[in-house]
Every structure is written in C-alpha cells, then in structure tokens.
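Visitor: Please walk me through this structure, one question at a time.

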Amino acid sequence: MSAVEDRLAELGLTLPAVVPPLAAYQPAVQSGRYVYTSGQLPMVDGKLPVTGKVGAEVTPDEAKDLARTCALNALAAVKSVAGDLDRIARVVKVVGFVASASDFTGQPAVLNGASELLGEVLGDKGVHARSAVGVAVLPLDSPVEVEIQVELAE
C-alpha cells in the first residue's frame, strides 16, 4: 500500500473501485506528467446515496460530504492510470459542479468538501486552484460532480 493510501486508512477511508463510465469516455487519462479525471459523481457501491438540488432536496452539509466522496472517486481514477498515488507531485486544479436550487449561492462551501479531503490526504501536494460552478442539473440528478487534474512526479 502507498503512503497516500496509508494516510487514507488513518482517516478511516479506503480508496474505492473506479466508478465505471456512464457514457463514451474514460474515468481518467494521462498526458505527459498530467492526469485528468472525468467528472466524478459521488457514487458509493455503484449508486448515488442522494439525488436532487442543493438548497432544495439536499442540504449544503450533505452536498459537502458528497463532494468529499467525489474527490475520493477522483483519486481512484488517478490511481487507475498512474498506478500509485504516491506519484502525485501536486493537485493542479479542481473543478466542481453543484446542481443548485435557483437561489442557492453556496457552491464554494460545497466544493470545500473535495478541497479539504485532498488537503487532508495529500498535505501541501493537495493545495490547488479551483472553480465552483452552479448548474441546473447533473447526470443521474447528482447534486455534485468533481474533476481533478494532477501533476505526477518524474
């Protein structure tokens, strides 16, 4: 097990299996020293634990936890192409989408779930640039979707 996976275990987390694609794409691809993940939904054991809009059917705290799950799924996707999470030199960018009720404006706080997880697991290597975007709807009526871009060590 890698040091990153040891850290996950210390946090009481395990790296899940890679979420299979819902359409014609790969969960992650590598280009040179960079790995780009596809948008990761908060799937747990092949299903969404909750659906709906944040600020309506889903609370911001629930959505923050779901963003955390998305980040964990993204790390699994990175490992599927990088082979070892210890190869991560840094998380470069996180992009998160929040299916939002029309008056919900707390997207950045929701995406903190993903950002904080990456920091807890990777330390300084988890510090990144980020976009948090509110949208009308996401695949499968997911409340949150997260993609990450990482740079690998040589």
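**Questions and answers**

Guide: Asp-103 falls in the loop between β3 and α3 (107–122). Keep in mind that this is a predicted model.

Visitor: Is Asp-103 buried or exposed?

Guide: Exposed means over 50% relative accessible area. Asp-103 has 63% relative accessibility, so the residue counts as exposed.

Visitor: How many Å separate the C-alpha atoms of Asp-103 and Leu-15?

Guide: Asp-103 and Leu-15 are 88 residues apart along the chain. Asp-103 itself sits in the loop between β3 and α3. The separation of the two C-alpha atoms is 35 Å.

Visitor: What domain does the UniProt annotation give for residues 5–150?

Guide: Over residues 5–150 the chain is 31% helix and 23% strand. The end C-alpha atoms of that stretch are 16 Å apart. The UniProt record, an unreviewed entry, labels it "Endoribonuclease L-PSP/chorismate mutase-like".

Visitor: What distance does helix α2 reach from its first C-alpha to its last?

Guide: Helix α2 spans residues 60–82, which is 23 residues. At 1.5 Å a residue, 33 Å is expected. The model comes close to that, at 32 Å.

Visitor: Which residue just after α2 takes a positive phi?

Guide: Helix α2 covers residues 60–82. Just after it, phi is about 85°. The residue is Gly-83.

Visitor: Which element gives the most to the largest nonpolar core?

Guide: The core has 38 residues, and Leu-75 and Ile-148 touch the most other members. Elements giving two or more residues are α1 (3–10), α2, β3, α3 and β5 (144–152). With twelve residues, the top contributor is α2.

Visitor: Which residue forms a salt bridge with Arg-7?

Guide: A search of the whole structure finds seven salt bridges. In the Arg-7 pair, the closest N and O atoms are 3.0 Å apart. Both residues lie in helix α1, three residues apart, about one turn of the helix. The partner is Glu-10.

Visitor: Why can residues three places apart in a helix point the same way?

Guide: Opposite charges can pair when their charged atoms come close. Residues three or four places apart point the same way because an α-helix has, per turn, 3.6 residues.

Visitor: How many residues apart in sequence are the parts tied together by Glu-116 and Lys-64?

Guide: The side chains of Glu-116 and Lys-64 meet in a salt bridge, 3.2 Å from N to O. Glu-116 is in helix α3 and Lys-64 in helix α2, so the pair ties together parts whose separation in sequence is 52 residues.

Visitor: Which residue pairs with Arg-68 in a salt bridge?

Guide: The closest N and O atoms of this pair are 2.9 Å apart. Arg-68 is in helix α2 and its partner in helix α3, 52 residues apart, so distant parts of the chain are linked. The partner is Glu-120.

Visitor: Which residues are linked with Arg-33 in a network of salt bridges?

Guide: A salt bridge requires a side-chain nitrogen of Lys or Arg within 4 Å of a carboxyl oxygen of Asp or Glu. Arg-33 is linked in such a network with Glu-151 and Glu-154.

Visitor: What accessible area do Val-29, Tyr-34, Tyr-36 and Val-92 have together?

Guide: These four form a nonpolar patch on the surface. Val-92 belongs to strand β3 (residues 88–99). Val-92 counts as partly exposed because its relative accessibility is 30%. Together the four have about 310 Å².

Notes:
Residues are numbered from 1 along each chain as its sequence is written. This is a predicted model: local features need pLDDT of at least 70, side-chain atom pairs count only at pLDDT 80 or more; totals for chains, interfaces and linings use all residues. Side-chain values use heavy atoms; hydrogens and water are left out. Patches are made of residues with over 30% relative accessible area and no salt bridge: like charges are joined within 9 Å, nonpolar side chains (Val, Leu, Ile, Met, Phe, Trp, Tyr) within 5 Å. Accessible areas come from the Shrake-Rupley method with a 1.4 Å probe; for residues, only the protein chains shown count as cover. Helices (H or I, at least four residues) and strands (E, at least two) are DSSP runs, numbered from the N terminus. Buried means under 20% relative accessible area, exposed over 50%, partly exposed in between (1.4 Å probe, protein chains only). The expected span of a helix is 1.5 Å times one less than its number of residues. UniProt positions are given in the numbering used here, feature names are shortened, and annotations may be inferred rather than shown by experiment. A nonpolar core is a set of buried Ala, Val, Leu, Ile, Met, Phe, Trp, Tyr and Cys residues joined through side-chain atoms within 4.5 Å.
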